[in-house]
Amino acid sequence: MLSALVGVALLVAGTLVPGINAAGREPRAGDQVGDFVFTDFAGAEHRFSEFAGKYVLLDFWATWCKPCLQETPGLKKALDRFQSRGLVILGMNSDKNQDSAEKFVRENEIPWLQSSPESTRQVLR
């Protein structure tokens, strides 16, 4: 299992993420995350285990979630500051329309890998 820092966006909308984890409590920073497969916006498949040895921040977000979007500048700063120490951000998008998410990522020059909305829904099941 891999360590993951759980993004604040995880707490914004309870419908995005199950409220209780396997330990019977709310997820929090430092919790272990099991391996999972996801597909990025370009259709390439990835495994969470590809990031073994890294500090992974899972950013659950959607374009309709204003607090999620407001976190973007802070996430960029964190990545700039800590990427050299092994920080990786994985965007876990939950929009209904991937086009709107891709537009936001492009317009805001978000450099981290994004899970497709359908793939994010599969991961959360």
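**Disulfide, aromatic rings and a helix face**

Student: What makes the disulfide of Cys-65 and Cys-68 right-handed?

Tutor: The torsion about the S-S bond is about 70°, so the disulfide of Cys-65 and Cys-68 is right-handed. Keep in mind that this is a predicted model.

Student: How do you know that Cys-65 and Cys-68 are joined by a disulfide?

Tutor: The S to S distance of Cys-65 and Cys-68 is 2.2 Å, and the cut-off is within 2.5 Å. The pair therefore counts as a disulfide. The structure holds one disulfide.

Student: Are the two cysteines buried or exposed?

Tutor: Buried means under 20% relative accessible area. Cys-65 is at 3%, so Cys-65 counts as buried. Cys-68 is at 2%, so Cys-68 is buried too.

Student: How many aromatic pairs does a search of the whole structure find?

Tutor: The search finds three aromatic pairs. One of them is tilted: Phe-36 with Phe-38, ring centres 6.0 Å apart and planes at 50°.

Student: What makes the pair of Phe-36 and Phe-48 stacked?

Tutor: The planes of Phe-36 and Phe-48 are 15° apart, with 4.9 Å centre to centre. Since stacked means under 30 degrees, the label follows. This pair links distant parts of the chain, with Phe-36 in the loop between β2 and β3 and Phe-48 in the loop between β4 and β5. Ring pairs link Phe-36, Phe-38 and Phe-48 into a cluster.

Student: Which residues of helix α3 are buried?

Tutor: Thr-72, Leu-75 and Leu-79 are buried in α3. These three cover an arc of only 60° around the axis, which puts them on the same side of α3. Lys-77, Asp-80 and Arg-81 are exposed on the other side of α3. The elements covering the buried residues include β5, α2, β6 and α4.

Student: Why is Glu-109 called exposed?

Tutor: Exposed means over 50%. Glu-109 is at 64% relative accessibility, so Glu-109 counts as exposed. Glu-109 lies in the loop between α4 and β7, and its phi is near 50°, a positive value in a residue other than glycine.

Student: Where is confidence lowest in the protein chain?

Tutor: Confidence is lowest in helix α1, at a mean pLDDT of 31. Over residues 1-20, pLDDT stays under 50.

Definitions and conventions
Residues are numbered from 1 along each chain as its sequence is written. This is a predicted model: local features need pLDDT of at least 70, side-chain atom pairs count only at pLDDT 80 or more; totals for chains, interfaces and linings use all residues. Side-chain values use heavy atoms; hydrogens and water are left out. pLDDT is the predictor's confidence in each residue, from 0 to 100. Helices (H or I, at least four residues) and strands (E, at least two) are DSSP runs, numbered from the N terminus. Contact means heavy atoms within 4.5 Å. Buried means under 20% relative accessible area, exposed over 50%, partly exposed in between (1.4 Å probe, protein chains only). The arc is that of the directions from the helix axis to the C-beta atoms. Rings of Phe, Tyr and Trp (its six-membered ring) pair if their centres lie within 6.5 Å; planes under 30 degrees apart count as stacked, over 60 as edge-to-face and the rest as tilted.
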